[in-house]
Amino acid sequence: MKWHGFYRNNSLNKGDGYFPFVLENEGPWGQFFLRQIEDVRSHGQEPLLTLTLHADTPDEDLVRIARSLSPYAPMKIRINHECNGEWFYFSQRWSYKQVSDFFIRFHNILHEHAPGVKTVACWNGRAEAHGQPLETLKPWGTLAENELGPMFKKADVISFDQYASLHWGWPDPDFDPHKPSQFFSVPFEVWWLELEKTHRMMTELRGGEVDIEVHEINQDAEVVGPAEQAAWIQRFYLEVATGKYPWLKNVTYYQLRDRGGLGLEKEDVDDPSVFQVRPSFDVYREVLRHPYFGLPVAVGNAVTPSSELKTIWTGPCSST
């Protein structure tokens, strides 16, 4: 069976299929994650790293990870994201309580050894279950004290993942619209109801107003088609810009290029250097020009320098 190269390589991390996190320089991957972080920094952006980890990872390894990230702060790290689901290996092998305990343990280590790195607890929405009888749904983790509640109380940042449509079985089996168990699609209004519901739950859990960051959103072009994907992206970002959600602090679109249906660009499954630009690319670029998404600029008193000024790059996070 062809799995399109490295993507979803089941030999890694018991089927999670992500790129390996290598702390040593040796080997084909080396400290690839640090080069990626440096690349993000070089474009003036704040890195957001996602790691899926075994809940029995020893403290000494977590300390090494923390120290490797410390020079790149400020940044954020999603620890075992979408933890209330049941598709990742860590949720299949360990209980939700154990996943929560591990998050808190790693959170404390990061705060000690990399204080500029904020921890992110990521909640996965369940909009696709809207209107379905509860007895037909697989049990997921809850915010109970004996499950995931403690980690969502402890985290520096609360995030939310929810797709409006998704062919979650990609790349195998091939997409078949006559087999609804392979995909889902929800109305725009249902997506927003799920986000607002999550905000209310987190506010109640933490006993006060809580900011929410959306770290994975999209329409899957394999499910709804490229034109509908572009239209949804435009509607979503305009809603963010004009809908007055003071608690919605950040949106991370997922993703630029994909071999399935989630990319603004569609990559050839056999040759990653070959890709096609989807209609959503131009729509995404244009909607982000809305003034709401512009960066504020503070202008101080004008000063005439005595000589020409130059900015010198001194590291991944600063210049002088």
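How many bridges join strand β2 to β3, and in which sense do the two strands run? Select residues 75-79, which form β2: four bridges join this strand to β3, and the two run parallel. Strands (E, at least two residues) and helices (H or I, at least four) are DSSP runs numbered from the N terminus, and two strands count as paired if DSSP finds at least two bridges between them.

The model on display is predicted, with local features requiring pLDDT of at least 70, side-chain atom pairs counted only at pLDDT 80 or more, and totals for chains, interfaces and linings using all residues. Residues are numbered from 1 along each chain as its sequence is written, and side-chain values rest on heavy atoms, with hydrogens and water left out.

**The sheet**

Next, display β3 together with β4 (residues 157-161), which pair in the parallel sense over five bridges. Two facing positions may be picked out here: A121 stands opposite I158 in β4, and V120 stands opposite V157 in β4.

Now widen the selection to the whole sheet. Six strands form an open sheet in the order β1-β2-β3-β4-β7-β8, with parallel pairing. At the edges stand β1 (48-51) and β8 (248-253); each has a single partner strand, so one side of each is left without a neighbour in the sheet. From one strand to the next, the twist averages 30°, with axes fitted as lines to C-alpha atoms and angles running from 0 to 180 degrees between N-to-C directions.

Return to β3 and colour residues 117-124 by accessibility. Seven of its eight residues are buried, so the strand is largely enclosed by the rest of the structure. Buried means under 20% relative accessible area, exposed over 50%, and partly exposed in between, with a 1.4 Å probe and protein chains only.

**The cysteines**

Select C83 and C122. The structure holds zero disulfides, a disulfide being a pair of cysteine sulfur atoms within 2.5 Å. C83 is in no disulfide, and the nearest cysteine sulfur, that of C122, is 7.1 Å away. C122 likewise is in no disulfide. C83 counts as buried, at 0% relative accessibility, and C122 is also buried at 0%.

**The aromatic rings**

Show the side chains of Phe, Tyr and Trp. The structure holds 23 aromatic pairs; rings (for Trp, the six-membered ring) pair if their centres lie within 6.5 Å, with planes under 30 degrees apart counted as stacked, over 60 as edge-to-face and the rest as tilted.

Centre the view on W87 and W140. Their ring centres are 5.1 Å apart and their planes stand at 70°, so the pair is edge-to-face. W87 lies in the loop between β2 and α3 (89-93), and W140 in the loop between β3 and α5 (149-154), so the pair ties together parts that are 53 residues apart in sequence. W87 is partly exposed, with a relative accessible area of 33%, whereas W140 counts as buried at 14%.

Then move to F88 and F90. The centres of these rings are 5.5 Å apart and the planes are at 15°, so this pair is stacked. F88 is buried, with a relative accessible area of 5%, and F90 is buried at 1%.

**Charges over rings**

A charge sits over a ring if NZ of Lys or CZ of Arg is within 6 Å of the ring centre and within 35 degrees of the ring normal. Finish at R257, which lies over the face of F275, at 3.7 Å from the ring centre.
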